[in-house]
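Try each task before you read its solution.

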Amino acid sequence: MENIIVAAILVLIIGSIIIYLIKAKKRGETCIGCPYSKKCGGRCKTK
């Protein structure tokens with residue numbers, strides 16, 4: 001039973017990450033996670 005709960009939580013977390021990435025790409029963000037993602041044009045070289 002514990003394994004099912006852990007697996008369900010992992011699926012929920014991974015699913016929400018995938019949904020966030022899809023929505024961010026639809027908004028036009030090229031470098032997801034970059035604070036300047038809509039302004040830089042996809043040439044982010046953050047280190």
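This is a predicted model: local features need pLDDT of at least 70, side-chain atom pairs count only at pLDDT 80 or more; totals for chains, interfaces and linings use all residues.

Residues are numbered from 1 along the chain as its sequence is written, and side-chain values use heavy atoms, without hydrogens or water.

**Exercise 1.** State the secondary structure of the chain.

Solution. Count the DSSP runs: helices (H or I) need at least four residues, strands (E) at least two, numbered from the N terminus.

**Exercise 2.** Check the span of helix 1 against the distance between its end C-alpha atoms.

Solution. Helix 1 covers residues 2–26. The rule is 1.5 Å times one less than the number of residues. Just after helix 1, G28 takes a positive phi of about 95°.

**Exercise 3.** Classify Y20 as buried, partly exposed or exposed.

Solution. Recall the cut-offs: buried is under 20% relative accessible area, exposed is over 50%, and partly exposed is in between (1.4 Å probe, protein chains only). Y20 has 44% relative accessibility, so Y20 is partly exposed. L21 has 37%, so L21 is partly exposed too.

**Exercise 4.** Find which residues Y20 touches, leaving out those up to four places away in sequence.

Solution. Contact means heavy atoms within 4.5 Å. Y20, in helix 1, touches R27 and I32. Y20 and I32 are 12 residues apart in sequence. Their C-alpha atoms are 9.7 Å apart.
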